[in-house]
Amino acid sequence: MPADSRLPVSGQDAVHRHLRRLLDRHSRAPFRKPCAEHSRRAFADSFERYQRLAGGSRLILDSGCGVGESSIALARRFPDHYVIGIDQSAVRLARARRTAAAWPENLDLERADLVDYWRLLHDAGGQLDRHYLLYPNPWPKSCHVGRRWHGHAVFPTILALAGALECRSNWPVYIAEFSLAVELLSGHAATCEAYVPLAPMTPFERKYLAAGHPLWRCRVDLR
């Protein structure tokens, strides 16, 4: 197995014992951290383009899109939708624009902090038809459970954006926790399952498949 394709190393082998407490706290207290100005500009620009170019289309958000491979694939798979891919790295997004063989007309990539973008989209009344979180940083140390998206204070906002939500990881604990968090906060049943994609959507997914990692996903329809 390649050295850069190791499975997450963690002393935690089951759902974190403090996750329910974190979720209860986040559900009771609104997250009020100020949004960064560059995120505000990115949101305003991308949302204006979406409304102007495809205001009647259903919206897909590819959160943490990296080099945009998954965003391009989604735009081609759902040509009647508008896809916005968000990543915090200008370098990764620039690579996406350089390497794309053909740029779908229903695709926009923006550099922004995800935590800010989700809240700004929610505050603007945005609703998603589909939402993808493909291989987020698992933060496998037990003490970092609050940094995982389902343990973060922004998680109620993620759920409020609705859509058919899908999260993938090569760490089953992450998906088990994500599924539990979805069910506790939304009341919707989530599917937690081992998953073998027909074609990889991201460089991480391709690397993990080549290394023989088991892959996992959580899916829930919040529409």
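This is a predicted model: local features need pLDDT of at least 70, side-chain atom pairs count only at pLDDT 80 or more; totals for chains, interfaces and linings use all residues.
View 1. Cys167 is buried, at 0% relative accessibility. Cys167 takes part in no disulfide, and the nearest cysteine sulfur, belonging to Cys218, is 6.8 Å away. Because a disulfide requires two cysteine sulfur atoms within 2.5 Å, the count of disulfides comes to zero. Cys143 is likewise in no disulfide, the nearest cysteine sulfur being that of Cys167 at 20 Å. Cys143 is exposed, with a relative accessible area of 63%.

**View 2. Strand β7 and its pairing with β5 and β6.** Strand β5 (residues 164-169) runs antiparallel to strand β7 (residues 216-221), and six bridges join them. Within this pairing, Ala164 has Asp221 as its bridge partner. Strand β6 (residues 191-194) also pairs with β7 in the antiparallel sense, over four bridges. Here Cys192 stands opposite Cys218.

**View 3. The salt bridge between Arg49 and Glu110.** The closest N and O atoms of this pair are 2.2 Å apart. Arg49 belongs to helix α2 (residues 37-54) and Glu110 to strand β3 (residues 107-111), so the contact ties together parts that are 61 residues apart in sequence. Arg49 is partly exposed, at 23% relative accessible area, whereas Glu110 is buried, at 11%.

**View 4. The salt bridge between Arg206 and Glu69.** The side chains meet at 2.4 Å, N to O. Arg206 lies in helix α8 (residues 203-210) and Glu69 in helix α3 (residues 69-77), so parts 137 residues apart in sequence are tied together.

**View 5. The salt bridge between Asp116 and Arg119 in helix α5.** These residues lie three apart, about one turn of the helix. Asp116 is buried, with a relative accessible area of 4%, and Arg119 is buried, with 8%.

Conventions: Residues are numbered from 1 along each chain as its sequence is written. Side-chain values use heavy atoms; hydrogens and water are left out. Two strands pair if DSSP finds at least two bridges between them. Helices (H or I, at least four residues) and strands (E, at least two) are DSSP runs, numbered from the N terminus. Buried means under 20% relative accessible area, exposed over 50%, partly exposed in between (1.4 Å probe, protein chains only). A salt bridge is a side-chain nitrogen of Lys or Arg within 4 Å of a carboxyl oxygen of Asp or Glu.
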